[in-house]
Every structure is written in structure tokens, then in C-alpha cells.
Amino acid sequence: MNENQVIAMPKIGDKAPEFKAVTTQGEINFPSDYEGSWVILFSHPADFTPVCTSEFMTFAVMEEQFAKANCKLVGLSVDGLYSHIAWLRTIKEKIEYRGMKDVEVKFPLIEDITMEVSKRYGMIQPGESSTKAVRAVFFVDPKGIIRTIIYYPLSLGRNFDELYRVLIALQTADEFSVATPADWRPGDDVIVPPAGSCGVAKDRMEGKEDIKCYDWFFCTKKLDKDTVLKKLIKK
Ligand code: BEZ
């Protein structure tokens, strides 16, 4: 890639750009190695920095929770492999933070000293920093399609409950052919597609289906928490 070449940032609905990379868990081919799983590809600005350390500890502690929802984690920064290894070792051996200690980061952390991957994924945002990646989060589905992208600036640690909520909401939308309203969590009502005909819309408005309509364009139905969790979460 030439320095002046402008590459379009990936967008929701795009196939995740392919790359091969060296990581703390060996070489990976992205996204093909993750076919059949959801994967969260996320970047952090730099190893041995406090916000990133708090984030890595949190993600590592939640890794099993994400795995039970068929989701793998892959980190990236523009640091080299030996820096990654030393930082992750320091986290395990020395850092105790908010009840988390002896935390082992088992998911791969990509070295990207050439910035090839981070530039391809729009993780280098020069208004914020031209030498560090911002805190980007790409949710990629089992077919390798980007389904959600979230960016945070350098100073702002991510909300990992929200990242998990996004994953479960995306999976719920796929599995149950619904949409999820503001602040949705499993057990809350979900949004059903608009009625296909006036007759159905009228039935809905009159409460003839198990659907609640706030107006013709805004209808919800119950979706039991157990039904969602049974479908999406491995025991
Ligand atoms: C941090 O992770 O603490 C951090 C990294 C880069 C810039 C600012 C904060």
C-alpha cells in the first residue's frame, strides 16, 4: 500500500477486509479462521497504558461469557509482538485492579507495527492520533460480514456490558427476525416488522395478535428471556 493511497473505511454490511497477521497466539488469517463464529476485532492505542490495561483485564475476564455466545475476541495495536508479550505478562503477574488479578489474556493480540491492518480498518484517525489506533470495535458475524462498528477516543475506556449487549442484540435480531429498541436487554419486548397489509395492521391495532402497537409503524411483541438465552448461550 502506498502512503498517499486513500482506502475506504469498512462499513456495516461489508465483508471484513482480509489480512494475515502475527499475534500473541500465533499467526491468524482474518476473518477466515473465524468462519462459523462471531468475532470482535478491537484496537487499543498502546501497550503499557492505563486505560488499555483496564480494558484488557475486563475483556479477558469476560472472554468465557463471550465464548458461550459463540464469539471470539481479537485485539490489535501498532505495538510489536515482544511489547505485547511483556505487557500481558505484566498484567498477569503484577496488576490487581477492581477485584481482577492474575488475569491471563488468552485471546490473540495482533502486532501491527506497519499499521497495515489498522489503516485498512480505519483505526488510525489522525485528528485523534496519527501514531496510535483509536479504540475501534468491529463485530463480525459467522459469515465474515461487519455488523456493527463502534469507535471511542483514546481517553475513553469502553463499556464492556454494552459490547456484550450489542452482540446479543445482533444475534437476537438474526435468530428471531426482530429489531431491538433503545436500551434493549434479553426479556424486554422486541420490535416486529411493519404489517404487510392494512388488514394485518388493523388486526394488530385492535389487539387481535399477541402484538402491542403504539401506532401502525411501531409494534412490539414479548420475547421471553429464557427463549433468547436458550437459543444463543451455550451452557
Ligand atoms: C491509555 O490507555 O491509558 C491511553 C492510551 C493512549 C492515550 C491515552 C490513554
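These legends go with a handful of close-up views of a predicted model.

**View 1. The hairpin of β1 and β2.** Strand β1 covers residues 19-23, and a hairpin takes it into β2 through 2 residues. The two strands run antiparallel, with 5 bridges between them. Look for Thr23 sitting opposite Gly26 of β2. Which residues of β1 are on its covered face? That would be Phe19, Ala21 and Thr23, while Lys20 and Val22 make up the uncovered one. Side chains in a regular strand alternate between the two faces of the sheet.

**View 2. β6 and its two partners.** Strand β6, residues 135-140, is mostly covered, and 6 of its 6 residues are buried. Arg135, Val137 and Phe139 point one way, and Ala136, Phe138 and Val140 point the other way. One antiparallel partner is β3 (residues 38-43), joined to β6 by 4 bridges; here Phe42 stands opposite Val137. Another is β7 (residues 146-152), also antiparallel to β6, with 6 bridges. In that pairing, Phe138 has Ile149 as its bridge partner. The hairpin of β6 and β7 has 5 residues between the strands, and Gly144 takes a positive phi there, near 85 degrees.

**View 3. The largest nonpolar core.** This core has 39 residues, and the ones touching the most other members are Ile40, Phe56, Phe59, Phe66, Phe107, Phe139 and Leu163. Which element gives the most? It's α4, with 8 residues. Why does the core lie between domain 1 and domain 2? Because domain 1 (19-158) and domain 2 (177-232) both give residues to it.

View 4. Leaving out residues up to four places away in sequence, Phe59 touches Ile40, Phe42, Phe66, Leu73, Phe107, Phe160 and Leu163.

**View 5. Around the ligand.** Pro45, Thr49, Pro50, Val51, Cys52, Arg135 and Leu154 surround the ligand. For Cys52, a backbone N or O atom lies 2.8 Å from a ligand oxygen atom. Arg135 uses its side chain instead, with a polar atom 3.1 Å from an oxygen atom of the ligand. Arg135 also belongs to β6, where it is buried.

View 6. Most residues other than glycine have a negative phi, and most peptide bonds are trans. In the loop between β2 and β3 you'll find Pro31, and the peptide bond from Phe30 to Pro31 is cis, with omega near 0 degrees. Phe48 isn't a glycine, yet its phi is positive, near 55 degrees. Phe48 lies in the loop between β3 and α1 and is partly exposed, at 46% relative accessible area. Arg98 has a positive phi too, about 45 degrees, although it is not a glycine. You'll find Arg98 in the loop between α2 and β5 (109-111). Is Arg98 buried or exposed? Its relative accessibility is 72%, so Arg98 counts as exposed.

Note on methods
Residues numbered from 1 in each chain as written. Predicted model: local features only at pLDDT ≥ 70, side-chain atom pairs only at ≥ 80, totals over all residues. Heavy atoms only, no water. Buried < 20%, exposed > 50% of the residue type's maximum accessible area, 1.4 Å probe, protein only. Pairing = 2+ DSSP bridges. Core = buried A, V, L, I, M, F, W, Y, C linked by side-chain atoms within 4.5 Å. Domains from an automatic or database assignment. Contact = heavy atoms within 4.5 Å. Near = heavy atom within 4 Å. Polar contact = N/O pair within 3.5 Å; in protein donor to acceptor, adjacent residues only side chain to side chain.
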